[in-house]
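Take a look at the sequence and the 3D structure, then work through the solutions one step at a time.

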Amino acid sequence: MTSAQDIRPRKDELAAQAQYYSTSPNASFHSPSSHGSALTRTIPLPNAKHLKPFATEDIKVLLLENVNQTGRDILSQQGYQVEFLKSSLPEDQLIEKIRDVHVIGIRSKTKLSARVLKEAKNLIVIGCFCIGTNQVDLQYAAEHGIAVFNSPFSNSRSVAELVIAEIIVLARQLGDRSNEMHNGTWNKVSNGCWEIRGKTLGIIGYGHIGAQLSVLAESMGLSVIFYDVVNLMALGSARQVETMEALLGEADFITCHVPELPETKGMIGPKQFEQMKKGSYLINASRGTVVDIPALIDAMRSGKIAGAALDVYPNEPAGNGDYFNNDLNTWGADLRSLKNLILTPHIGGSTEEAQSAIGVEVAQALTRYVNEGTTLGAVNLPEVALRSLTMDEPNHARVIYIHQNIPGVLRKVNEIIGDHNVDKQMTDSRGDVAYLMADISNVNTTHIRDLYTSLESLPSRIQTRILY
Ligand SMILES: NC(=O)c1ccc[n+]([C@@H]2O[C@H](COP(=O)([O-])OP(=O)(O)OC[C@H]3O[C@@H](n4cnc5c(N)ncnc54)[C@H](O)[C@@H]3O)[C@@H](O)[C@H]2O)c1
């Protein structure tokens with residue numbers, strides 16, 4: 001059985017027009033982490049062939065900003081050369097380091113601007129070991145065939161647990177009691193304090209977090225209703241309601257779990273507070289723009305809302321410090337003066353477990369992309385995947401052709417690969433960039449080299465990789 005090889009030349013080899021492919025160090029190399037996880041989202045065949053884009057040990061990975069150990073382990077176990085740094089790098093040092101790496105892993109502090117990416121001649125993929133990706137010039141990366149992955153859902157459970165905690169803390173006014181005790185005041189009260197059993201929780205946005213929360217809340221004796229723009233299967237005994245107004249009029253606790261979109265901006269404003277039951281509670285751990293905060297301040301001052309918890313704000317400071325003031329948001333002082341209001345600094349997803357899950361999810365996405373070309377979960381390229389090639393298909397190759405999304409390209413590509421038997425093929429586009437993946441049978445090294453050269457010579461080419 002031959003090992004998988006890659007026909008994509010490295011730039012130095014290209015320049016020299018020397019032999020431009022390399023073989024994997026050993027045919028039996030195998031990492032279960034990159035092929036068997038539930039996170040993979042494509043089910044690999046039991047005898048799936050492990051495609052390698054380079055000699056495995058030639059893959060250079062740079063991990064910055066103390067990426068979680070789980071992610072480091074997965075990439076090291078692949079046999080890649082992994083360099084790990086605890087901090088981010090100043091731009092000049094980053095440019096120096098990024099020049100010869102194929103994979104870079106960052107968190108939120110490293111800025112991968114077009115200026116930096118321009119120097120990254122060998123880079124094929126970026127892993128953001130966090131939720132946000134605005135630190136990366138996604139458009140530039142896509143236009144240069146560099147895929148970007150992140151981890152949007154690894155912290156859903158952490159957010160759901162925070163909300164459960166907040167429901168009880170609000171119902172029992174625990175924040176205020178604790179503050180009073182810290183100030184030396186003993187204030188034993190039961191007035192306006194409630195059990196949560198038998199109350200109704202209204203979830204706005206029944207996605208990853210909303211659905212987790214639904215299950216946890218029911219197990220604590222809450223009735224759950226939810227509103228979502230999509231018709232969704234309710235979990236347990238939860239019930240979808242048709243309008244947000246219906247939810248607001250019925251729920252004792254209302255919690256928002258929608259994405260930041262033009263339609264969700266200010267979706268909880270003066271009108272919605274009017275529609276809520278007197279004495280209800282509001283929680284927002286989604287995005288700061290979802291709740292109109294001055295309207296919340298009014299609703300709390302009037303007694304309409306008995307308590308609230310905010311984890312997110314329209315403007316949030318870039319780092320830790322004394323920044324939660326009126327310079328940041330004009331209503332800061334008004335908000336801080338309210339009773340039974342829990343304010344947390346966007347910590348919904350900030351747990352050790354979430355960090356560890358992010359490490360696994362992003363490292364697996366990087367490994368799949370490097371080894372198989374799968375773009376599922378990429379934030380800047382179309383999502384394309386094919387079922388794995390198997391060890392029973394020794395003379396197969398996988399062609400990956402990232403190209404400009406312009407008329408006529410597919411005809412030209414198919415003229416090139418059409419002389420061979422194309423077993424399966426998928427193509428998709430996103431904006432100006434398209435991604436084609438095709439598995440071809442009965443090809444030898446000469447065929448592969450010819451395919452590579454022909455695809456590279458097309459004017460639409462952004463990047464060609466052939467894995468086999
Ligand atoms: N506080 C934190 O630390 C933290 C951590 C993770 C996620 N978040 C935020 O939580 C929110 C939800 O995250 P998720 O992972 O559950 O997202 P998700 O995409 O899985 O679910 C969002 C749901 O909202 C629904 N939706 C969209 N527009 C809507 C509208 N106008 N009205 C009603 N429903 C609507 C969608 O159909 C979807 O079911 C996001 O804003 C995310 O950024 C915050």
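**Exercise 1. Into which classes do the residues of the shell around the ligand divide?**

Step 1. The residues of the shell divide into 13 nonpolar, twelve polar and five charged. Here Ala, Val, Leu, Ile, Met, Phe, Trp, Tyr, Cys and Pro count as nonpolar, Asp, Glu, Lys and Arg as charged, and the others, Gly among them, as polar.

Step 2. Before going on, note that this is a predicted model: local features need pLDDT of at least 70, side-chain atom pairs count only at pLDDT 80 or more, and totals for chains, interfaces and linings use all residues. Residues are numbered from 1 along each chain as its sequence is written.

Step 3. The ligand is surrounded by 30 residues, and the closest are Gly-205, Gly-207, His-208, Ile-209 and Gly-348. A residue is near a molecule if its C-beta atom, placed from the backbone, lies within 6 Å of it.

Step 4. Two elements give two or more residues to this shell: helix H6 (156–171) and helix H8 (208–219). The largest share, three residues, comes from H8. Helices (H or I, at least four residues) and strands (E, at least two) are DSSP runs, numbered from the N terminus.

**Exercise 2. Describe the protein as a whole.**

Step 1. Start with the elements: the protein has 15 helices and 18 strands.

Step 2. Of its 468 residues, 42% count as buried. A residue is buried if 20 or more other C-beta atoms lie within 10 Å of its own, exposed if 12 or fewer, and partly exposed in between, with C-beta atoms placed from the backbone.

Step 3. Now the contacts: among those between residues at least 6 apart in sequence, 66% join residues at least 24 apart. Two residues are in contact if their C-beta atoms, placed from the backbone, lie within 7 Å.

**Exercise 3. Is Val-362 buried or exposed?**

Step 1. Find Val-362 in helix H13 (residues 352–372).

Step 2. Val-362 is buried, because 30 other C-beta atoms lie within 10 Å.

Step 3. Leaving aside neighbours within four places in sequence, Val-362 is in contact with Gly-71, Gly-105, Gly-127, Phe-129, Phe-149, Asn-150 and Ser-151.

Step 4. Cys-130 is 232 residues away from Val-362 along the chain, yet their C-alpha atoms are separated by 8.6 Å.

**Exercise 4. How do H2 and H13 pack?**

Step 1. Two packed helices are described by the angle between their axes and the distance between the axes.

Step 2. The axes of helix H2 (residues 69–77) and H13 come within 7 Å and cross at roughly 25°. Axes are lines fitted to C-alpha atoms, for helices over the stretch in contact, and angles run from 0 to 180 degrees between N-to-C directions.

Step 3. H2 is therefore roughly parallel to H13. Angles under 35 degrees count as roughly parallel, over 145 as roughly antiparallel, 65 to 115 as roughly perpendicular and the rest as oblique.

Step 4. On the H2 side, Gln-69, Thr-70, Gly-71, Ile-74 and Leu-75 take part, and their partners in H13 include Val-362 from the previous exercise. The residues of this contact divide into six nonpolar, seven polar and no charged.

**Exercise 5. Now try H14 and H15.**

Step 1. The axes of helix H14 (residues 409–417) and helix H15 (residues 445–456) come within 10 Å and cross at roughly 160°.

Step 2. The two helices H14 and H15 are therefore roughly antiparallel to each other.

Step 3. Val-413, Ile-416 and Ile-417 of H14 make the contact with Leu-451, Ser-454 and Leu-455 of H15. By class, there are five nonpolar, one polar and no charged residues.
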